[in-house]
Amino acid sequence: MIVVAGEALIDLVPQGTGALAALRPALGGGPYNTAVALGRLGSPTAFCSRVSRDAFGEALLDGLRTAGVDVSVVQRGPEPTTLAVATIDPSGSAAYSFYVEGTADRLFSAPSALPAGTRAVSFGTCSLVLEPGASAYEGLMRTAAAQGVFTALDPNIRPGLIPDADAYRARFKSWLPFVTLLKLSEEDALWLGGTPREWLSAGPSAVVITQGGDGLTAFTADGAVHSVPGEPVDVVDTIGAGDTVNAALLHGLATRDALSPAALATLGPDGWEHLLRYAARAAAVTCSRAGAEPPYARELEG
């Protein structure tokens, strides 16, 4: 079982140009997209969050169930669902503004125990910024790490949600001793400052950096660097691409029985190349269609 902990929200995606373009609601949130992608790829997955009882919340849970994701540990609340308004630039890249005051996912509280059979827990995005939920997710990360559970972190930086950048950067560094796999984009890495080697020295066993169409690079604790190019694709938009990479890495590691620091250390060049190429293919499929629509396992066969 891979547990994904974090927010579920509704992306309002513009259907044209200009400030008053029609907006189409779409299921989203970095952790939510990661959970759906894991379910579609075939990994036993559970989602750990707090979701509204409003109509958007019901749609979000339906999307998880359709992907085969276990929602038994999802908390429910009467507060509204978080909204994210996307803006798509000519290259297909997305930027977001958020409506988060008083929303359900901010009131998450850590469960007393993880689901039986949990092998990994994934964290990231808005849920690690917005209090009081951020402290609850951080506590869950520390508890999982203390129990020897593989932990993955994708900070997925949204600068508009972070009122004190320096405080967040310091908090990010405080998480690293409790993280097994750190995955982040080039843009995230630039915003956070530091280098993969600095981050590795603080705790993670591997750091994977996504470089858009240029591919992915993994840095490992033994000093090795593994890179693969991006998969050529006609980009519709990049919504959910990083989340798909996150899911593909976790799924690939699970299928290799490599969800532990010791197993990561034995992957070797061939193992990392296969894993990164798989993640690149998965992201390319997501980029080839509108919105966060990660691939199914059958679309990546071969």
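## Salt bridges, aromatic cluster and open sheet

Glu79 and Arg50 form a salt bridge in which the closest N and O atoms are 2.5 Å apart. The structure described here is a predicted model. The pair links distant parts of the chain, since Glu79 belongs to the loop between strand S6 (75-77) and strand S7 (83-88), while Arg50 lies in strand S5 (residues 50-52), 29 residues apart. Glu79 is buried, with a relative accessible area of 16%. Arg50 also counts as buried, at 13% relative accessibility.

### Further salt bridges

The structure holds 13 salt bridges. Among them is the pair of Arg65 and Asp62, whose closest N and O atoms are 3.1 Å apart. Both residues lie in helix H2 (residues 55-66), where three residues, about one turn of the helix, separate Arg65 from Asp62. Arg65 is partly exposed, at 44% relative accessibility, and Asp62 is partly exposed as well, with a relative accessible area of 42%.

Another salt bridge joins Glu299 to Arg289, with the closest N and O atoms 2.9 Å apart. Glu299 and Arg289 each lie in the segment after H9, so the pair ties together parts that are ten residues apart in sequence. Glu299 is partly exposed, with a relative accessible area of 34%; Arg289 is partly exposed, with a relative accessible area of 25%.

| Salt bridge | Closest N and O atoms |
|---|---|
| Glu79 and Arg50 | 2.5 Å |
| Arg65 and Asp62 | 3.1 Å |
| Glu299 and Arg289 | 2.9 Å |

Salt bridges also occur as a network, which links Glu131, Glu138, Arg142 and Arg171.

### Aromatic pairs and charges over rings

A search of the whole structure finds five aromatic pairs. In one of them, the ring centres of Tyr168 and Trp175 are 5.6 Å apart and the ring planes stand at 80°, so the pair is edge-to-face; an angle over 60 degrees is what places a pair in that class. Tyr168 is buried, with a relative accessible area of 5%. Trp175 is buried too, with a relative accessible area of 0%.

Tyr168 forms an aromatic pair with Trp191 as well, and this pair is edge-to-face, with 5.9 Å from centre to centre and 65° between the planes. The pair links distant parts of the chain: Tyr168 is in helix H4 (residues 165-175) and Trp191 is in helix H5 (residues 186-192), 23 residues apart. Tyr168, Trp175 and Trp191 together form one aromatic cluster.

The ring of Trp191 also has a charged group over it, namely the charged end of Arg169, which sits 4.2 Å from the ring centre.

### The eight-stranded sheet

Eight strands form an open sheet in the order S4-S1-S9-S10-S11-S12-S13-S14, and their pairing is mixed. Strand S4 (45-48) and strand S14 (225-228) stand at the edges; each has a single partner strand, so one side of each is left without a neighbour in the sheet. From one strand to the next, the twist averages 15°.

Within the sheet, strand S11 (residues 181-185) and strand S12 (residues 206-210) run parallel and are joined by five bridges. Leu182 stands opposite Val207 in S12. Helix H9 (residues 268-287) lies across S12, strand S13 (216-220) and S14, and runs at about 35° to S14.

Asp154 is located in strand S10 (residues 150-154), one of the strands in the order S4-S1-S9-S10-S11-S12-S13-S14. Is Asp154 buried or exposed? Asp154 is buried, with a relative accessible area of 2%, a value under the 20% limit for that class.

Which residues are in contact with Asp154, leaving aside its neighbours within four places in sequence? The contacts are Phe123, Gly124, Thr125, Lys183, Leu184, Asp188, Gly242, Asp243 and Asn246.

Key: Residues numbered from 1 in each chain as written. Predicted model: local features only at pLDDT ≥ 70, side-chain atom pairs only at ≥ 80, totals over all residues. Heavy atoms only, no water. Phe/Tyr/Trp six-rings, centres within 6.5 Å; stacked < 30°, edge-to-face > 60°. Buried < 20%, exposed > 50% of the residue type's maximum accessible area, 1.4 Å probe, protein only. Helix = DSSP H or I, 4+ residues; strand = E, 2+ residues; numbered from the N terminus. Lys NZ or Arg CZ within 6 Å of the ring centre and 35° of its normal. Pairing = 2+ DSSP bridges. Axes fitted to C-alpha atoms, helices over the stretch in contact; angles between N-to-C directions. Contact = heavy atoms within 4.5 Å. Salt bridge = Lys/Arg side-chain N within 4 Å of Asp/Glu carboxyl O.
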